[in-house]
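Okay, thanks for coming, everyone. Let me put the structure up and then talk you through a few spots.

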Amino acid sequence: MTFRTGLIPPPALTVGAVSFTVFAWASAFVSIRSAGAAYSPGALALGRLLAASLVLGVLLLVRRQGLPPREAWRGILVSGVVWFCGYTIALNWGERLVDAGTASLLVNTGPILMALLAARLLGEALPPRLLAGMAVSFVGAVVVGLSMSSGEGGSTSVLGVVLCLLAAVAYATGVIAQKPALSYGTPLQITAYSCLAGTVVCLPFTGQLLSELPRAPLSATLNMVYLGVVPTALAFTTWTYALARMPAGRLGATTYAVPAIVVLLSWALLGEVPAWLTLLGGVLCLAGVAVSRYGPRASRTPSRGGQIRTGRT
């Protein structure tokens, strides 16, 4: 998807793309919670990705964008399998066991994991402040797990926390794989073909989807379609648009607003508010991420080719 207009300056377009992504992804946590009552995790993932692939396919035809260059396919396949498929299934499953606000707080440890992967795969340094932030976030994740396991069905709640953390790992991995691919393909191409790859991997859940679809209430099916169209097809495209124009770490920091939005949405639409101890653990998770990203502006400016940097300007 190409954003071209002579009236809106490029920086404003980037801010708009980021804002849309944050609000769309926040709404996804609530929609998953609703649709997940009628659809199993795999079936919901497949239905969501099918709807997204349809929309993205139409956009590709309208924009007349064909296959991306061969150099982009490695990142596309990794992002599609790990992020679009793995993240979606893990989060769908996790949100059956924890509330939407808690899920969003745990998933937003992803930026720290992203920094770890960048250090391992792209040669970035791990400064002491980043290590301290990781420690704070780990303590927060433990607090969330303990607070949830103390209630009824504690072991299941711990499983939900683990699944949400796995979703965070998949999210971070997908971003790291996607960033280099954006040097070769357009945001729409990278998003569309990553989504298609994830859809193919989810095809084994076709039987579940076909058996659950007739029994599911209309509201759950509409939420599944919404998840495919807005938080996936559109929001992932605006995400890749912004990722091609700003550093991944800085962009990842914008998702810290997601949990606050999710808590408000889940309170208004689902009547869910995390318990105070769960909320405290989530705050620690986000505080650790904030500590890891805080520092002099110059220290966050990439200067070597191996670091995460803007793919195109």
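So, is Gln65 buried or exposed? Gln65 is buried, because its relative accessible area is 14%; buried means under 20% relative accessible area, exposed over 50%, and partly exposed in between, with a 1.4 Å probe and protein chains only.

Now some housekeeping. This is a predicted model, so local features need pLDDT of at least 70, side-chain atom pairs count only at pLDDT 80 or more, and totals for chains, interfaces and linings use all residues. Residues are numbered from 1 along each chain as its sequence is written, and side-chain values use heavy atoms, with hydrogens and water left out.

Back to Gln65: you'll find it in the loop between helix 2 (41-63) and helix 3 (73-94). Helices here are DSSP runs of H or I, at least four residues, numbered from the N terminus. The Gln65 side chain makes a polar contact of 2.5 Å with the side chain of Thr186; that term means a pair of N or O atoms within 3.5 Å, where, within protein, one must be able to donate a hydrogen and the other to accept it, and residues adjacent in sequence count only if both atoms are side-chain atoms.

Next, helix 7, residues 154-181. Leu166 sits in helix 7, and Leu166 counts as partly exposed because its relative accessibility is 48%.

Last, confidence. pLDDT is the predictor's confidence in each residue, from 0 to 100. The chain's mean is 79, with 74% of its residues at 70 or more. Over residues 297-313 pLDDT stays under 50, and the model has 32 contacts (heavy atoms within 4.5 Å) beyond four places in sequence for them.

Technical notes:
Helices (H or I, at least four residues) and strands (E, at least two) are DSSP runs, numbered from the N terminus.
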